[in-house]
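Hi everyone, thanks for making time this morning.

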Amino acid sequence: MNRAKSMLFSVALSVMATGAAQAQTAYKIGYIPTSIGQALTQAWRSGAEKVFKESNVTFQAYDANMKAETQVTLMDDLINQGYNAIILQPADAAALTASVKKAEAKGIPVITLNTDTLLPHAANVTMDDSGSGYLIGEKIGESLGGKGNVAIIQSPPGAQAGIDREKGFRAALAKSYPNIKIVGAQNALWVKDKAIEVMNSFLQVNKDLDAVFAVNDNMAEGATIAAESAGRLGQIKIWGFNGQKSTLTLIEQGKITGTAYTNAFNQGGTAAKYAMELLTGVKKKGAKTEIIVVPPFAATKDTVAQIKAEDRW
Amino acid sequence: MKAFNWRQLLLDLRLFWILLLLMALLSVASDRFLTIDNLTNVLWSVCLIGIMCTGAIYAPITGGIDLSVATIAALAGIIANLLMNVCDLNWLLAIAITLGIGVLIGWVNGIVTTKFNVPAFIVTMAAKTYLFGIAMLVSNGDQITIMQPKAFLAIGIDKYLGIPIPIYLMALLVVFSHLLLKHTVFGRQCIAVGANEVAAKLSGVNPDRTRIIAYIISAVTASIAGIVMASLTQQAYAMNATGYEFDVITAIVIGGTSLMGGNGSVAGALIGAVMVGFINNGLNLLDMPSSYHPIATGIVILVALIMNQGVSLPGFIKRLRRPDRAPGQTASQ
Amino acid sequence: MSDKIKSTDSTLLLECRGIDKSYNGPMVLSNVDFSLKRGEIHALVGENGAGKSTLIKIVTGITNRNAGTMVFEGHSIPLEHNKNAAERLGIAVIYQELSLIHGMSVAQNIFLTKEPLFAGLPVIDIKKMNAMAQQMIDRYGFNLKATDIIDQLPIAQRQTVEILKALSNKASLMIMDEPTSSLTATESVQLFKIIRLLKSEGITVVYISHRMEEVFDLSDRVTVLRDGKLVSVLEKDEISPAEIIRLMIGRALTEDESHHRMVRKEGEVVIEVNNLCSQGKLKDVSFKVHKGEVLGFGGLVGSGRTELMRAIYGIDAFDSGSITYLGKPYVPSVEKSIAGGYGFVPEERRLQGIMGAISITGNIGIANLDSISSRAGFVSGTKERERAQQAIALLNVRPPNPDVLVGNLSGGNQQKVVVGKWLIRDLKLLIVDEPTVGVDIGAKEEMYQTIEHLSKQGVAVIVVSSDLPELTRLADRIIVLRKGRIIKEFIDGTVTEEEVLRAASGIIEGSAQ
Amino acid sequence: MSVSAIRRLILIGLLISIGAALSVANPSFLTLDNLMTMLQEASLTGIVAIGFTLVLITAGIDMSIGAVIAITSMICVNFISYTSLPAYIFIPIALAMGCLIGWFNGFFITYFKLPEFIVTLATRGILTGLALIAAVKDSQGFVKNVFIQDELFLSFGETVGPVYIVVIVFFVLALATQFFIKRTRAGSNVYATGANPTAARLTGIDTDRTLIGVYMFSGFCAALASIFLCARMMTAMPEFGIGSEMDVIASVVIGGTPFTGGIGDIWGTVIGTLFLALIKNGILKLGLSPYIQPIVIGGIIVVTVVLDVWYKGFAEQRVAKLARQKQMPTREGV
């Protein structure tokens, strides 16, 4: 069902794209992800670049090194440089709210990715962290038959995207599968090597661990390495989040059970198109943030084949 | 072998007792702690830090510091992958070239520190910044998944006799580095340069050359760690190992090496790394929130340092009553 | 044996009686009396290890006496004396440059911790401070500016800053420990003027020196110590260099000792230096050293002696000139020199000689890495230890434990380690720069014997020393440097300390400089 | 002119010429808005750098400053979320906490004679953890970053005319600290302790007390910066400031304060801070790839410090040579 929705959405987008291509005025659009060097943010960037290639846009990416303070600095700078629009992945909702407000007050539309800020702005293109977490919760619950032990590999405390995912996941278990026990939740700092360490300790403590949910794919891949090394990969269902290319391959190989796949190219493209439409006047800014949900797709061994090669990032 | 430094041995042993105490505490706290499996896992997880320590220790021994090790590791993984999977080189050759680039990086650090007389802290801190940029540039900012070749990937994960290869590698490097430091001409020269550069120079040691080699060794072991990390995580990524430099320095200092130079203990650094590994592992096993990890590590650093200064708990309390006499050396000049 | 001290009277500034001191062991001072009159220049003399510095430390409160009474300006000073109390009483020590803060101006250094403040505010009145400092400087006629930064001043001027600092503390007693040891002759003369000026201001000066002429010229009274005991107190009219030396060493010098007979040794030339020049340091220096010869280098500090040694050892490059070593042209570098059979004992032991935090074994091993390691670069711990023990036995290092950290040894034993690391090598040329500074008297004698022994074995030895008795005792030939040039060479026959000193000060055959 | 004055002029010259080049490269550089933002950015680092300069003058180092920023922001946000105390009450408490942490650092360094680097690194770890524990949590126990709406508190992030308050505070603090270290006895003690601790003790300076005071001041400055940072961001995060040590150290060292102690002043740090802020701000204007940016920044830091060290060595050698020639006219002979 979800997949159908997303397909529909893609079609709609490609129709809109033709309209935006007419624009001839030169625009400067800035892109501030939390960190430039991540599969997800790279995919967003490529998606957006593809859209902007068709029009006269300077698209400049900035690296915030995972720090909200740096993002605020960059926002200020882009405002001062007179950028026409900004695509932002806030490291934290509260921390970026003031900056986004400032930009909007200067007439610079800000389109946020995934994490929304607290005050109204142009748009939020989101893969719905919380909803996707919920989806994975349901999938895991379903596959365990409503009973078993689950561990969570967390993001650093305070990282909002990770928190939203985990919250959604916990909500699903609490609501539909109260018999599933969450036996541990540990932070692996978004990275693989820490995830291996954390997973190892999960495996030590829980001799009957049934499933693991890692709030991003990197950590899921790390968990897989640890489980495989301990010879327990077959007994444990590992779920990731994002759906990066390497994870999809691992799903095909049967090592990772599944991930909440989002077409990040598409998501970046959507944000880019929205920005162009605002700039060319095709769309008017509303009083409230327009929330565009790019629905997640639960990629598992059975469904992963449906994701086309060109949609893998 | 009779030329054994008993003082150093005692220091190492003292650390060893702290380590045993920590292990005892943790095994009381969690029944999962004291299992072969778990201990192997801890060793496995401290491998990267441990490998970096074996070389990075030479910087403080000669009176410097190397803050760039983590970034060198990330860069090494990226370069190795580039050579293997883009340039289609044999994996062994790729590793050799990567280590060669490590030598170059260390050489640059060493040259700027010695010949241009810039403090090592600043040199390696700046190196950390620009090497990160180079790593991003070479990898195009991507998280590259390394799928090939199998032999390369085996370095990080494969086991021999139930023990992961990186542990053997770490053990090998620890032994190698220990021998280098304690039983070779170069080791003596490093210690001499750190203890008194002028005296060393007048005794025929070339301080600049010694320092440059120290930074090269540091960069090479960092590269080895980077290769192991790339293989273990099957990933070449500029943000790999972020922040490891502080863990490395922590381990080295807990191990009894002074940042002022002139002494050092590779075994101590390994114990330091394992100690930090145990704390993290113990807290993980107990499912404590990750916020407790840095606190516990910080406290262990302070306790280990104070004990290295030769202060016992009763002595400490006694001194608190008579604060006019501080422990440790008399004047720190 | 000790002469009676003159009667106690109100003119005495300081009166110490029956001072005993031991540092957990032998008595360093026993039953010493020491008194100072107001406004006198009082020399304190004695051989190294006679107890001069301990006595000074007791007076200034750096260490405490075990027994005895001390009265300063009528105040009885308790056994538990301390430095701050001494300072408050007006006792000051002029350190070489220890107590000055680099990077600060003269005025700042003089008034550190007691800077003049704006009325009632915790704010330093810099103008006033500079003016006060300048006023002091002018009053004593020093060639200084209050705003000069310490780092840019030569040693002599730094010393005057020290003196000013003490004066600003309202010191009534100023103790100068070997104040001329790092001064040039002109600077020394300048210092003597200052000391006399201080005297005229009513300040008592205690002057410690090895240079008999200075003592003779300056002092109103002289206290002589020997082996921790008071030998004599000489009044102005009793002072003569010969008498002081007699009292210091306990007997009159024989003709042989005061006029050391030098022996010409003409064997194989070990090293030959021709026209060595180094800009601003050395000018046309040429000399030869033969096998088994002890060549002494005299001259004042700063005359280029140390620079010359560093150049022929290969530490500093020189501009022109040539060196022939063992008959072959030689361009020195430290590594080559060591491999070729040099040994080098540097001037400043703590800064250049020892590695304090490392064991005796390590200190000796570092210069012998070639002989204790295999070709692959592995050090043999057994061999290293053997060699260390060999050196320890050879020089009688105490304690004879190769694992002891060198920083924990006494000065003399530290020096033995520095020398010892060369002795176990196949030594052909040993350069020793100030071999016995800060070395106790027993170790000093051992050091001399070692050098004599080496020369008998055919090692060429170059001794650089400011200690003239040392030079005349050891050397077979003496070269005196002045301002980077060889000014005089004493080859055959006899030489007196006075002759050496005159040459070093530039006074040759009446032509004063 | 003294060597240090020339070094400072060289740095100012570089600052101005890079600024001029940037104005040509991108007109948006030389706009009031941009300059003000740059100054604000510089001031946030600069306030911390002022405290750090004093630490460096005593030949120490303080790695905990970033973590102090984090913990202070958590203290503030806790007061805002859980109490109705006004900002003028809890801000002094937060600043006092900064001092307390500094005292803790200073105590371990002076009492146990432990190396500064590692003590403050340990404190950094402890504070990092405590900040996370102290963070405001939601009902499920997840860290929740509060959007601050306390007006008095937020007024710290406002401007007076076009100038941000933090900039004014930075310059006032710089002025006051410069005055303190150059014109008070306590300030002289700081230099003396760094240049020659033995001599300082001989002169009767309580070096331990001076050191503790310096670390307290460093903690205070970091806490102060934290308040402005929170006001600017309108939130507080437990990660605030962590990792910012490196910028601070780079600023101070570029400003000419060496690691060896006894030398340096606040104006150097102000220039160094402005220099680094200028580079960081300017590089964004050049349209460079984000990958190249760290290479350029790292390179500029190294080159600047190498130049500075080289010039200093060169100048000092010349001074020494002149002094030697004055002392010993070799040409004349005897």
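Before I point at anything, a word on pairing: two strands count as paired if DSSP finds at least two bridges between them. Helices (H or I, at least four residues) and strands (E, at least two) are DSSP runs, numbered from the N terminus. Please keep in mind that this is a predicted model, where local features need pLDDT of at least 70, side-chain atom pairs count only at pLDDT 80 or more, and totals for chains, interfaces and linings use all residues. Residues are numbered from 1 along each chain as its sequence is written, while chains are lettered from A and ligands numbered from 1 in the order in which they are written.

Let's start with chain A. Here strand β6 (residues 148-154) and strand β7 (residues 180-187) run parallel, joined by 7 bridges. If you want a spot to look at, I153(A) sits opposite Q186(A) of β7(A). By right-handed I mean that, with the strands pointing away from the viewer, the path from the first strand over the helix to the second runs clockwise.

Chain A also has a right-handed β-α-β unit made of β1(A), helix α2 (residues 39-53) and β2(A). Strand β1 (residues 27-32) pairs with strand β2 (residues 57-61) of chain A in the parallel sense, over 5 bridges. Within that pair, Y31(A) faces A61(A) of β2(A).

Now over to chain C. Strands of a sheet pair through backbone hydrogen bonds, either parallel or antiparallel. In chain C we have an open sheet of 4 strands with antiparallel pairing, in the order β13-β12-β15-β16.

Next, chain D, with 13 helices and 2 strands. Its radius of gyration, taken over C-alpha atoms, is 22 Å, close to the 20 Å that the globule rule (2.2 Å times the number of residues to the power 0.38) gives for 334 residues, so chain D is as compact as a globular protein of that length. Of those 334 residues, 58% are buried, meaning that 20 or more other C-beta atoms, placed from the backbone, lie within 10 Å of their own.

Last stop: where chain D meets chain B. The contact (C-beta atoms, placed from the backbone, within 7 Å) takes 40 residues from chain D and 44 residues from chain B. On the chain D side, α13(D) gives the most, with 14 residues. By class, that side has 30 nonpolar, 9 polar and 1 charged residues. Here Ala, Val, Leu, Ile, Met, Phe, Trp, Tyr, Cys and Pro count as nonpolar, Asp, Glu, Lys and Arg as charged, and the others, Gly among them, as polar.

How values were computed. Buried ≥ 20, exposed ≤ 12 C-beta atoms within 10 Å, placed from the backbone. Contact = placed C-beta atoms within 7 Å.
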